[in-house]
Amino acid sequence: MASMNEFGNNLYSGKTSFPFVGRRRLWFIIAIALVVASALVPLLRPVQFSIEFTGGSQFTVLAPGSTDQSIASEAVQSIVPEAAAKVAIVNGTDVRVQTSQMSPEETQSVAGALAEAYDVPAEEVTSSFIGPVWGESVTRQSLWGLAIFLALTFLILAIYFRTWKMSAAAILGLLDVLVITVGVYALAGFEISPAAVIGFLTILAYSLYDTTVVFDKIRENTTEDGENSSRTFGEAVNLAVNQTLIRSINTSIVAALPVGAILFIGSFWLGAETLTDISLSIFVGILVATYSTLFVAAPLYSLFREKEPQIIARDNRVLELRERARADA
């Protein structure tokens, strides 16, 4: 514990420093590679959308004696051979079957076949239908929600930090988080559902919180000394990121542990698959958000500001003073 406290103190004082800004070219190359790879994943493994987006029929067999998923698939294909059934266990006891759109007659026949196959009363099999218009409405509203979130984020950050460059760096960091999280989601083969969309918006909010804390420290470091600063702008930014590094790591661990428990114990071990979509998006998003704030957003902000005449003049003055100090020594 003492060594960890000492490490944190060294980071805060600048005695120990990780080159977030100094090696930003490497971090940007890695970030671009991850984004490109994540964007290519849907081309190799197309993103699957849930029935709420695509429309279709859904059947639920309540508490059957067996939860064998192959029974449901065979029952559906016995009525509609060309239908592709997606079967899942929900609540640990019920069987949920999702198919493409069916006619009312086919829906009634499939419900009867499921009841017979699982040996349950007909009233224990519920069915529902989601039309394509409703699915399009959900998709449109999800995209609008994302667009409004990003627009308000840009505006609020620009007002709070009094510079659009911090907003731009934060938004690019958020997009980095979103693309990589969706890529991992597609690679894992999970469906994007309304719950997953809620998870995406949640991790964007978490990433925004983490970025705001780091940027607040950056603003403090880059303005507190003004023209009398002994650090260049990039060094002040790098110090701020190092000073908040332990906080970022601790926050991420505390946030990721319960979500990880839900994902790996609740979803994969206990079979509570209704939690999988939202817990996976949040778990991956928390990890990616921490990386994006430290290695993308903060170095990107430094890059945006270092070409300003005032910053150039300040950095040149700091470097000249160091040269004089070395010559005098």
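**Helices, burial and cores in a predicted model**

Me: What do residues 26–44 consist of, helix or strand, and how far apart are their end C-alpha atoms?
Reply: The span is 100% helix and 0% strand, and its end C-alpha atoms lie 27 Å apart. Helices are DSSP runs of H or I with at least four residues, strands are runs of E with at least two, and both are numbered from the N terminus. The model is predicted, so local features need pLDDT of at least 70 and side-chain atom pairs count only at pLDDT 80 or more, while totals for chains, interfaces and linings use all residues. Residues are numbered from 1 along each chain as its sequence is written, and side-chain values use heavy atoms, with hydrogens and water left out.

Me: Why is Ser302 called buried?
Reply: Buried means under 20% relative accessible area, exposed over 50%, and partly exposed in between (1.4 Å probe, protein chains only). Ser302 has a relative accessible area of 0% and is therefore buried. Ser302 belongs to helix α11, residues 276–305.

Me: Which residues does Ser302 contact, leaving aside neighbours within four places in sequence?
Reply: Contact means heavy atoms within 4.5 Å. On that basis, Ser302 is in contact with Val21, Arg24, Phe233, Gly234 and Val237.

Me: What makes Ala63 count as exposed?
Reply: Its relative accessibility is 52%, so Ala63 counts as exposed. Ala63 sits in the loop between β2 (56–61) and α4 (69–79). Not counting residues up to four places away in sequence, Ala63 touches Thr93 and Asp94.

Me: How do you know that the reach of helix α5 is close to the expected one?
Reply: The expected span is 1.5 Å times one less than the number of residues. Helix α5 (residues 104–118) has 15 residues and reaches 21 Å from its first C-alpha to its last, close to the 21 Å expected. Among its buried residues are Val110, Leu114 and Tyr118, and what covers the buried residues of α5 includes β2, α4, β4 (94–99) and β5 (125–130).

Me: What makes a set of residues a nonpolar core, and how many residues does the largest one have?
Reply: A nonpolar core is a set of buried Ala, Val, Leu, Ile, Met, Phe, Trp, Tyr and Cys residues joined through side-chain atoms within 4.5 Å. The largest has 54 residues, and Phe215, Ile218, Val241 and Tyr301 have the most contacts inside it. Helix α11 gives the largest share of this core, 14 residues. A second, separate core of 20 residues includes Ala75, Val80, Val97 and Leu114.
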